[in-house]
Amino acid sequence: DRKVSLTSMPYGESEILLQRDLPKDLELYVRLQGNVVGKQTINVEYFGKATSFDINVVDKVTAYTIFNNADSTLTLYYGTYREGAVLGIYTMDTLRYRVKTAIIDPSYKDFKPENTDDMFNNYTTMTEIAGLEYLNTEKDTSMQFMFHNCDLLVDIDLSHFNTENVQNMSFMFAECRNLSALDLTSFNTAKVYNMESMFSDNRNVSRIYVGDGWNVDIVTSAY
């Protein structure tokens, strides 16, 4: 019943060397977990004999991202994965600081995430998010750090946001230092209890627009 876990960096390699006597009859069970789809190779060498297995990871409808090195564009899709895509709503941490433009593909409208925490957190070189109207947030309960430290953004189109189920908006726009205004007239905050540092260090924001749905009755943290 002994288990060994092996972790590798994205697009990297790892190995385990078992330095002890092992039975000659050994069963190997492998379960792959992670957020990089496509072909994965497992190499096994045992008593001087080597073999390898190729496994195609994840063939299902899912959210995924693709980064284009040529123009530093990150595109978010929902559908059957593509080779080299990264599963989920995030890209790899090593790419966050290289994204200049994020594009949400129309296919995303069929995806209903239950939280968008950190979705664009620390995209410090990103100057534009296109297609936010395709981000379906009707089931979203948490948006903390969603746009945190998007330092070069000058505008965020939030006109299509459905926030009626969101409970946590802490640090949502914190450190977006180039925004001059925020239009939150589409926001319904009746269920939000946490707005901690929601607008922290928005040093250039001079106007925040809210509508009839703005409600802070149950907010317990807003500093």
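User: In β6, which residue is the bridge partner of leucine 74?
Analyst: The bridge partner of leucine 74 in β6 is alanine 102. Strands here are DSSP runs of E with at least two residues, numbered from the N terminus. This is a predicted model, where local features need pLDDT of at least 70, side-chain atom pairs count only at pLDDT 80 or more, and totals for chains, interfaces and linings use all residues. Residues are numbered from 1 along each chain as its sequence is written, and side-chain values use heavy atoms, leaving out hydrogens and water.

User: How many bridges join β4 to β6?
Analyst: Two strands pair if DSSP finds at least two bridges between them. Strand β4 (residues 73–80) and strand β6 (residues 101–104) run parallel and are joined by 4 bridges. Threonine 75 stands opposite isoleucine 103 in β6.

User: Which residue in β7 is the bridge partner of alanine 102?
Analyst: In β7 that partner is isoleucine 129. Strand β7 (residues 128–130) runs parallel to β6, with 3 bridges between them.

User: What is the order of the strands in the open sheet?
Analyst: In general, side chains in a regular strand alternate between the two faces of the sheet. Here the 5 strands have the order β5-β3-β4-β6-β7, and the pairing is mixed. The edge strands, β5 (86–87) and β7, each pair on one side only.

User: Where does glutamate 133 lie, and is this residue buried or partly exposed?
Analyst: Buried means under 20% relative accessible area, exposed over 50%, and partly exposed in between (1.4 Å probe, protein chains only). Glutamate 133 lies in the loop between β7 and β8 (181–184). Its relative accessible area is 37%, so glutamate 133 is partly exposed.
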